[in-house]
Amino acid sequence: MMNNAVEGKRPNEPILTKKDRHKAALRYMFMGVNNFNYETQQGPAVVFSLNKALRKIYSDDQEYIESLNNHFKYFNTTTAMANIILGASLAIEERDGGKSIESVQSLKTSLMGPFAGVGDTLIWILIPTILGSISGYMALEGNPVGAVMWLVFNLIFAFVKLKLWDLGYSSGVKLVTTLGEKLTIFTEAASVMGLTVVGALISTAVKVQTGLTFKTGAVKLPLQSDVLDKIMPALLPVLLTIVVYKLIGSKRWTTTRIIVLLIVISMVGAFFGILKPM
């Protein structure tokens with residue numbers, strides 16, 4: 001049997017329906033890095049997501065197998081941003097059939113690095129840090145809205161991922177060439193916003209105060225209110241954050257060890273009056 005996409009130009013009516021595309025997107029969103037391996041990384045997840053759509057595009061078995069083998073090759077990027085790349089790849093194969101296999105591989109290879117930079121910055125670091133910090137602060141204040149906000153965000157983000165797939169399918173390579181510089185500017189702006197939010201949360205969410213008081217005769221000088229707060233409000237939380245940040249970057253310290261260390265320091269400091277309970 002001959003493949004419709006290979007016989008000539010793309011037919012007036014698309015081969016794939018919106019349901020086909022969204023099914024492929026949902027399969028990738030579900031599998032993503034669940035069958036990650038150190039040879040092809042997300043390659044098996046790509047095949048799992050696209051195989052049914054590709055079967056509809058390629059009626060010829062040999063072309064279908066050739067396309068699957070091509071998608072089994074190395075692929076690794078932020079899973080949400082991969083939706084744009086895979087949506088564009090699917091559109092190219094739907095249009096050009098077997099002739100597009102090399103073009104699809106070139107597209108994936110060239111985009112997965114830049115898109116990983118954007119996705120890792122926004123999706124894996126900034127958004128969870130900002131929303132997680134806000135939700136955590138609400139929890140500390142006894143406000144349950146933080147947990148609800150986190151749940152609602154994830155539901156909204158699932159919808160956004162589907163739209164990213166549609167965006168890649170409809171815009172393809174044109175999206176990258178027209179928005180390349182804007183994506184970089186947006187990433188930098190989001191980074192500045194994220195750092196500002198995290199910096200502001202240090203003074204409100206990290207609670208550290210010393211109970212030390214210096215005495216000279218009848219004069220008492222509380223170290224916290226009369227010295228540290230005069231130098232810079234929330235100085236101790238900032239210093240603690242810097243120390244923890246440095247420890248996280250050390251190979252000798254894991255997050256579990258850091259948590260245990262903070263608990264021990266808090267208990268010992270409170271017992272001897274060095275730290276003041278909040």
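My entries below take the helix pair and then the pocket.

Entry 1, ground rules. I am working with a predicted model, where local features need pLDDT of at least 70, side-chain atom pairs count only at pLDDT 80 or more, and totals for chains, interfaces and linings use all residues. Residues are numbered from 1 along each chain as its sequence is written, and side-chain values use heavy atoms, with hydrogens and water left out.

I looked up α5 (residues 79-96) and α6 (residues 101-140), whose axes come within 7 Å and cross at roughly 155°. That makes the two helices roughly antiparallel (angles over 145 degrees count as such). Helices here are DSSP runs (H or I, at least four residues), numbered from the N terminus. Axes are lines fitted to C-alpha atoms over the stretch in contact, with angles from 0 to 180 degrees between N-to-C directions.

Entry 3, who touches whom. I took contact as heavy atoms within 4.5 Å. Among the residues that meet are I84, I85 and A88 from α5, and L111, F115 and W124 from α6. By class, I noted 14 nonpolar, three polar and two charged residues in this contact (Ala, Val, Leu, Ile, Met, Phe, Trp, Tyr, Cys and Pro are nonpolar; Asp, Glu, Lys and Arg charged; the others, Gly among them, polar).

Which helix gives the most to the lining of the second largest pocket? I found α10, with six residues. The lining divides into 16 nonpolar, two polar and two charged residues.

Note on methods
Angles under 35 degrees count as roughly parallel, over 145 as roughly antiparallel, 65 to 115 as roughly perpendicular and the rest as oblique.
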